[in-house]
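Welcome to this short tour of a structure with several chains. Take a moment to turn the model around before you read on.

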Amino acid sequence: MFIASQLMNGLASSALLLLYSLGVVMIMGHMSVVNMAHGECIMLGAYVCYYLYTVAGVPYLLSLMMSFFITALFGAAVERLIIRKLYGKTAETLLATYALSLIIKQLVNLVCGSELKYVAVPFDGNISVFGVTVPLYNIFIIVITAMVLFATWLIFYKTPFGMKMRAATGNRSMTECLGINCRAVDTLTFAYGVGLAGFAGAVLAPIRGVSPFMGASYVTDSFMNVCVGGLQSLPGTALSSLLIGQSTSILGGIWNEVNAKMLVFLIVVVMIRFRPDGLFKKERR
Amino acid sequence: MLGKLKKLPVNRYIDAGILVFLLVFPLFANNYRVGFMGKTAAYMIFALSLDLLWGYTGLMSFGHAVLFGLGGYMVGLSFTFSGGVPDFMSRMGITELPWFASVLQNEYIASLLGIIIPGALAAILGYFIFYSKVKGIFFSLITMALAQIFETFFANQSAITNGTSGLGGLPRRFFGIELRVKPFYYLTVGVVILVYALCLRLSCSRFGKALTSIREDENRLSFVGYNPAKFKIAVFAISGMLAGLAGMLFVPFNGMISPTELGINLSTSVLVWIAIGGRGNLTGAMLGTLIVNWLQTLLSEFSADIWPLVLGGMILAVIFVIPTGIVGKLKELQYNANARKTLREISQKEELPNE
Amino acid sequence: MKLDLRKKLMKTAAAALSLTMAASLISGCDKSDNSDIKIGLLFSKTGATAITEECMINAAEMAVDEINEAGGINGKKLTYVFEDYATDAATAAEKIKKLIMQDEVTAVVGCYTSASRIACEPVVEENNSLLIYPTFYEGEKPSENVVYTGAVPNQQGDIFIPWLAENVGKKFFLLGTDTVYAQLINSQCRDALANIGGEVVGEEYVPNGHNDFSTIITKIKDADPDVLFVNLNGDSGVAFFKQYKQYGLDANTMPVASYLLDESTVAALGAETAAGHYTSINYVSTLDTEANKSFLERYHEKFGDDAEMTVVGEETYASVMLLAQALKKTDDYSAESIIKAMDGISLDAPEGTITFDAETNHMYLRGRIAKVNSEGKFEVVYESPELIKPNPEA
Amino acid sequence: MSEPLLRVEKLSVEFKKFKALTDVDLCVNEGEVRVVIGPNGAGKSTLMDLITGKTKPTSGKVYFRGEDITGKEPYVIAEKYKIGRKFQNPNIFNMMTVYENIEVALSGYNTVFKSLFFRRTPETRAKIDTVLEKIKLSGKRDIIASSLSHGERQWLEIGMVIAQDPALIILDEPTAGMTAAETYKTGEMIKELLAEHTVIVVEHDMDFVKQVAQIVTVLDQGQLLAEGTFEEIEKDPRVIQVYLKDDAEQ
């Protein structure tokens, strides 16, 4: 019973991890940009959700969608103004996005205040199956993550935009030659990645604290997760989320949270050393 | 003709300026300011150590504070254990010191360990990372994870490290020498000068040239007959030792050490200092540290709220306006002026016989 | 436009840099005006605990204003210098040095986190200055240069644990952030339970900033305790309470008892989630006394109706008042004589009359147990008949 | 005949089932100047990559002075066996000065320890000066490499190879992308080199090949097509066919 509960918990944690890592897959995997402000993008999504859902009384699902679009819009602006000029310069991008994270954090702090914001849990309650209690919101998380994953996969592999995007990451100059507007593709990809982060923030808002500093706890986790998954690969990241989420959950269950977190972290570091291309990536020349 | 280019680069004048500034500073400042400047001087050593790694070799470490903090913790633990079981331990019901305490109680050994352990950790990590051909961004990500692990680890070993509260009440001692603020300040400045001289010597040596070549094109270097991995491990270890030394000098001024001193925040901050000052020329690391830290205290005395905005703005301004940093830009200007002259002279010479 | 901004930033940077250099030269000058008494306030305006400390800053400002309105200290005006330590212990030590050595303040009221206090203590001791620490905390061997106005664990736990065991149940589950504070109060709880025949059915610690409690909650369900004794920092606490409710745990059958459940946490949780849980503390804002009502009225008038008042805010207010009373009694503003002057003062604070304990530099406080009601307000369910003597080294 | 300087035996390499090189044999004697030609994609650069350790072969062996150097790391091949290589696109350290570029390449101080205690002695200075003379960049010794012209960058790289004291020099299209004047200067420079070193040159320019080659090796589609003196190769029908085909396509 305990194990069954832990597996369900692990599944929900995995889904959350995947949800807030998806944006990183887009931005780090496909654009080779390490967005140090990823946590702040999550935070912005959570704030948009707070203002729409708690303050303005907009229905939750609509607030979720709005969080996505508003943060995506913000992402597009950031790409146009800052990231665009820094492609190929890893160090500069890291520093610029770090600067961005400082600025966003402090602006939100000054404008919205530093206190934790209250966001009610939209699907309150739980169901019990054979003695395993599963909160409805956890089920919602799992379902919505699956949907977002599926939607992203569709966009990736089944639409002309996805094809262009994959082409752009594969071979830039070649893609330019084919008459594809790489700049527009870049902007859209970045905006989509940031939008996903904002969406994740809105999903996190009801069950986690919403504050200007909330982003920090998600950044390294999502970077590590995407590294394990193999940077560009959606199924890889999904699998690694499952692996990390479940192992943290089970180790935490039989041991304790502190040690579980550290052990998983160490394993990830060692893994990156031996398979820098990710766990699930085939050997390439 | 060559004389003009061989003139002293502009950054050496700035170095001299910083040095003079550090030396005369206590004559005009109160003890609080001197203590603050001492911390900044320790940070300068730290920044110099990272400049070797990032500025020269192109390895952007996001966990350099781990090495700095380890150095600090070695002396911090040594002082804490020197008086027997510390208060925080006895309150948790611990009556005996851990096994390694007897080693750390010896101040000299602890001080040596403060240099050796960060160096060794860097070397071991380097061995793992550089021989596996982990590339640029992964080095940053692994070191970032390292900072996270160590911060969590030190925060959670509360029975030994007093957790997030850290070790407090640490004296101003360095290798057994206990001094008042100003003398200790001069001791620190002395170490800064030594470290600076060492870094200068390293960067001008063949070793330094090899490091720069690694930054420029690691593969090409291996075709000239160097093993880049060994060089990277060596510079990481040297940089680690210097970072540990910086931590050991920082702690006495700070009076305490806590897990934030080995976390991601400090690691990122020091990268920012170097970026603003200009990387790969030592001067930039020192100047950046000085400017950013001064600005920070000064602005926070007016309004604490605007500092993150100012810092963020400064970073963006540097990246877009002077990507090579303050000192880098100055060097560029000087070089361009001199190069233009030289090239003009060469072309004049070549044209003459043709006419 | 963008370029302008850049230029402006550069100019600001350049101006600030030259200012820096200038400041370093004049910083040796004595700027203080002898007719005023200057104190330092040291709290976080930025950083992780800025949320909690906002109320402390407000309360301190209000106290200073009220003292001056009432004629100051023996005719002298009380002024303050504020410094932000950004929830960082090293910064706290740095800033208190600045307050003492550069601003030459008479005393400093400040610090919220234990880390910041521990960092500041050596500084005040070295400079023989005075720090008044207005936060409930884990207790320690009192420093001769620090006055502690907050509650120590025995002033909370001595009444709390027995009351819970008697009125709620004897099976406890202990959960806390992995800090010395949580470990200490949990061990005190364990001892107290052992004395009254209660039992601990589980004990868990999570890292700082941890926010996924599904595993812990599963363990809790397995252990089936009567009381959850939970002390989680900041947003960890909020995440825990929300997930607690998600998993169908019920405050009626398994309430949470926490020292860290305060008004701002309740606001972030919503009344529905927070209702039914307990805290033990010397002050809650809903305290039904004339002194408190008038205090809150003045506070809300000054900082708006939305401004929360919490125990640390009230303690900060009391700290400044205590300091002012002591300063009135002495002409010598050394730490030693100020503390000596505090001896015998009984202070009419919003929480009622409290007295200074010269033996420990702490305060005798009244213990209270409060429960969150369905409207999200604290209701005092028990009050200790006597002031409880502080025992900081328990 | 005694052991040749470089002996390549049945060297093959595959990338994802694409056979870039199949069973190539090659012998280069001490003091020889060997030219390797072939149409685009014939595997010339791949062969050089295999010799210098940049790529590991799927099968086959590379012997240098009779020692097996197959699959050794590039720095071992460069340092221990003294094989120097100039790449097709000038591959120099852009942000370093001309002088520093040569100094780094200088042989004999390539371990961490030696490099730490390296001092500029009059001998090393003299040696660097000689190299700079040879590549005609003495006047620009303190110029940062990135601001050199394309031709000068090629020369600088040649200079780096010379500074290595190589026993074997591999030159990958040394005159590609140069102006006529630069090509002439380069030709002079290389002729000087040829007189003193064993060299393998990959080249397209037939005039140049005719000028320097003792033996020409022709590669096509990853296989050895022909080998012989320039005159023999010129008349070989297979070679003509390959080159005609190539021309026709262009």
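## Getting started

Two residues are in contact if their C-beta atoms, placed from the backbone, lie within 7 Å. Keep that in mind for what follows.

This is a predicted model, in which local features need pLDDT of at least 70, side-chain atom pairs count only at pLDDT 80 or more, and totals for chains, interfaces and linings use all residues. Residues are numbered from 1 along each chain as its sequence is written, while chains are lettered from A and ligands numbered from 1 in the order in which they are written.

## Two domains in chain C

Let us begin with chain C, which is divided into domain 1 (33-150 + 288-358) and domain 2 (154-281); these bounds come from an automatic or database domain assignment. The C-alpha centres of the two domains of chain C lie 30 Å apart.

How many residues of domain 1 of chain C are in contact with domain 2 of chain C? There are 10 from domain 1 of chain C, and they meet 11 residues of domain 2 of chain C. The domain 1 side of this contact has five nonpolar, three polar and two charged residues. Here Ala, Val, Leu, Ile, Met, Phe, Trp, Tyr, Cys and Pro count as nonpolar, Asp, Glu, Lys and Arg as charged, and the others, Gly among them, as polar.

## Where chains B and C meet

Five pairs of chains touch, and the most contacts are between chains B and C. Chain C puts 43 residues into this contact and chain B puts in 44 residues. On the chain C side, the elements that give two or more residues are α1 (2-26), α3 (89-102), α4 (114-126) and α6 (180-196) of chain C. Such element names follow DSSP runs, numbered from the N terminus: helices (H or I) have at least four residues and strands (E) at least two.

α1(C) gives the most to this side, with 11 residues. By class, the chain C side has 21 nonpolar, 11 polar and 11 charged residues. Chain C and chain D, by contrast, do not touch, and their nearest C-alpha atoms are 27 Å apart.

Chain A has 11 helices and two strands. Its radius of gyration, taken over C-alpha atoms, is 19 Å, close to the 19 Å that the globule rule (2.2 Å times the number of residues to the power 0.38) gives for 285 residues, so chain A is as compact as a globular protein of that length. Along its principal axes, the C-alpha trace of chain A spans about 60 × 50 × 35 Å.

Now for the contact with chain B: 31 residues come from chain A and 34 residues from chain B. On the chain A side, α4 (90-112), α9 (216-229) and α11 (257-274) of chain A each give two or more residues. The largest share, 14 residues, comes from α4(A). This side of chain A has 23 nonpolar, three polar and five charged residues.

## A sheet in chain D

In chain D, look for an open sheet of four strands in the order β2-β1-β4-β5, with antiparallel pairing. Two strands pair if DSSP finds at least two bridges between them. Which strands are at the edges? They are β2 (18-28) and β5 (67-68) of chain D, each of which pairs on one side only.

Strands β1 (residues 6-15) and β4 (residues 59-64) of chain D pair in the antiparallel sense over five bridges. S12(D) has S59(D), in β4(D), as its bridge partner.
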